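Work through the following exercises with the sequence and the model at hand. Each task is followed by a worked solution.

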Amino acid sequence: MNSQTSPALRNRKLGDLDVPAIGMGVMNFVHAYGPPTQRAEAVRLVRHAFDRGVRFFDTAEVYGPYMAEEIARDALIGVRNQAVICTKFGFQYENGKPVGLNSKPAHIRQAVEGSLKRLGTDYIDLLYQHRIDPEVPIEDVAGTVGDLIREGKVKHFGLSGAGAATIRRAHAVQPLTAIENQYSFWVREQEPEVLPVCEELGIGFVAYSPLGMGYLTGTVAAETELLEGDLRAVFPRFTQEARRRNWRVVELLRQVGLPKGATPAQTALAWLLARKPWIVPIPGTTKIAHLNENVAALDLELTRDDLKFLEDSYAMLTIEGASSGPSQLAQIDIGAKEGTSSADNHGLSPLPGSKMGAPR
C-alpha cells in the first residue's frame, strides 16, 4: 500500500465542522491501558500527529483527570488556531477524582472555564457532554451549551454515549454537530438507531475505540499479557478465552488487507471510513509507528467486493463477551431508544468512590 495521504487528510464534515478524516484521541497517554506515558513523550507524539496532518484532537477533563487537556495544550502551542480541539464535561470530582455524574448548568460553566484554562485557549471547538446525566434534563444541558456558544466560549455542541431519543431532544434545543460513541468492526450497537438519526438530522459521528480497544490491530492475542492498570483485564471481551474465540474477526481483516499491503488496523479504519462520509474515527495510541500506521489507512481503498465479504463473513460470527465492563456500560445511554426517555431506561446512577472505570 503506497502512502499518498495529503497533508489535509481529506477533510470530512461533522455537521458544519470541517475535520480531517482521521482524528486522534489523547486519552491513552493518561488512562485505561496501563501506566501513564511520560508527559514529554506524549506531547511529542501529539505534535507529530499534527505534523502528519492530523488536526482533530479529542480529550476530556476526566482523562487524568485534567492531564490530557494539558498535554494537548503543550503539544499545540503556536498552532492552536489550525487545530480542532474537542473536550468533554459531565463528571463530579472529590479530591481530584471522579465520583459520579454532574451536568447541572452551573457545573457545566465551571467545567468549561477549567478546560479553557488547561487548554490555554479562549474557545473550545467542539464541546461534548461526556455521559448523559439522568438527574438533569438534556434540554437544560443543550440550552447551557447554546448559551456558551453565543458567548463565544464554545463553537460546536456534541454528545458522547448518547442514544437516539436523547439526541433528538438535545438537537431540538441546540443543534448538535457530532455524536461520539463507540463504534468499530466488532462493536455495532450504533447501527440500528443512532447512525440513522445522525444521518436524518445532519449530525456527524465520531467513532471512539475504532480499533476495538486495540484488539482489531491483531496485537492483543489470547496469550498477550495486559499491563497493570489496563482496564481491559476485567472486560468480558478481553478474557483470554474470549480473545481466543474472537480471533476470527482479526483474521477477516487480515484476509482483506494483506493482499493490499495493509494491516488489520488499517483495514478496520478503512471499513469505518467506508460506512458513511460523515463518520470520523479517532484512534488513540502512544506509539509514533502506530500513529503513522493509522494515518496511512486513508490510502487503503476497499472495493465493494471487499466490503461485502467483510459484512457477509462478520454476519456469520458470534462475538463473545460484552465490549466493556458493567460500570462502563451503565454510563452509556443505550436505553434511550426512539420514543423513550433516557433517564427512564438505563438506570444510570453515580458510581461510588473514585472507581469510575474507563469513561471511554
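**Exercise 1.** Determine whether Ala 32 is buried or exposed, and describe its backbone and its place in the chain.

Solution. Start with accessibility: the relative accessible area of Ala 32 is 8%. Buried means under 20% relative accessible area, exposed over 50%, and partly exposed in between, with a 1.4 Å probe and protein chains only. Ala 32 is therefore buried. Next, the backbone: phi of Ala 32 is positive, about 90°, although the residue is not a glycine. Last, the place: Ala 32 sits in the loop between β3 and α1 (39-51). Helices (H or I, at least four residues) and strands (E, at least two) are DSSP runs, numbered from the N terminus.

The model is predicted, so local features need pLDDT of at least 70 and side-chain atom pairs count only at pLDDT 80 or more, while totals for chains, interfaces and linings use all residues. Residues are numbered from 1 along each chain as its sequence is written, and side-chain values use heavy atoms, with hydrogens and water left out.

**Exercise 2.** Carry out the analysis of Exercise 1 for Asn 95.

Solution. Asn 95 is not a glycine, yet it has a positive phi of about 55°. Its loop runs between β6 (91-94) and β7 (97-101). With a relative accessible area of 82%, Asn 95 is exposed.

**Exercise 3.** Which form, cis or trans, does the peptide bond from Gly 64 to Pro 65 take, and where is Pro 65?

Solution. Read omega for the bond: it is near -10°, and the bond is cis. Then locate the proline: Pro 65 belongs to the loop between β4 (56-58) and α2.

**Exercise 4.** Describe how helix α2 (residues 67-75) and helix α3 (residues 105-119) are arranged.

Solution. Axes are lines fitted to C-alpha atoms, for helices over the stretch in contact, and angles run from 0 to 180 degrees between N-to-C directions. The two axes come within 7 Å and cross at roughly 40°. That makes α2 oblique to α3; angles under 35 degrees count as roughly parallel, over 145 as roughly antiparallel, 65 to 115 as roughly perpendicular and the rest as oblique. At the residue level, Glu 69, Glu 70, Ala 72 and Arg 73 of α2 meet Ser 115, Lys 117, Arg 118 and Leu 119 of α3. Contact here means heavy atoms within 4.5 Å.

**Exercise 5.** Which residues of α8 are buried, and what do they pack against?

Solution. The buried residues include Val 249, Val 250, Leu 252, Leu 253, Val 256 and Gly 257. Viewed down the axis of α8, its buried residues fall within an arc of 155°, so they line one face of the helix. Their packing partners are α9 and α11. Glu 251 also lies in α8, but at a relative accessible area of 36% it is partly exposed.

**Exercise 6.** What is Ala 21 in contact with, leaving aside its neighbours within four places in sequence?

Solution. Ala 21 lies in the loop between β2 (17-19) and β3 (24-25), and at 2% relative accessibility it counts as buried. Its contacts are Leu 9, Arg 10, Asn 11, Arg 12, Leu 273, Val 280, Pro 281 and Leu 298. Ala 21 and Val 295 are 274 residues apart in sequence and 9.2 Å apart in space, C-alpha to C-alpha. Val 295 is one of the buried residues of helix α10 (residues 288-296), and the buried residues of α10 pack against β3, α1 and α9.

Technical notes: The arc is that of the directions from the helix axis to the C-beta atoms.
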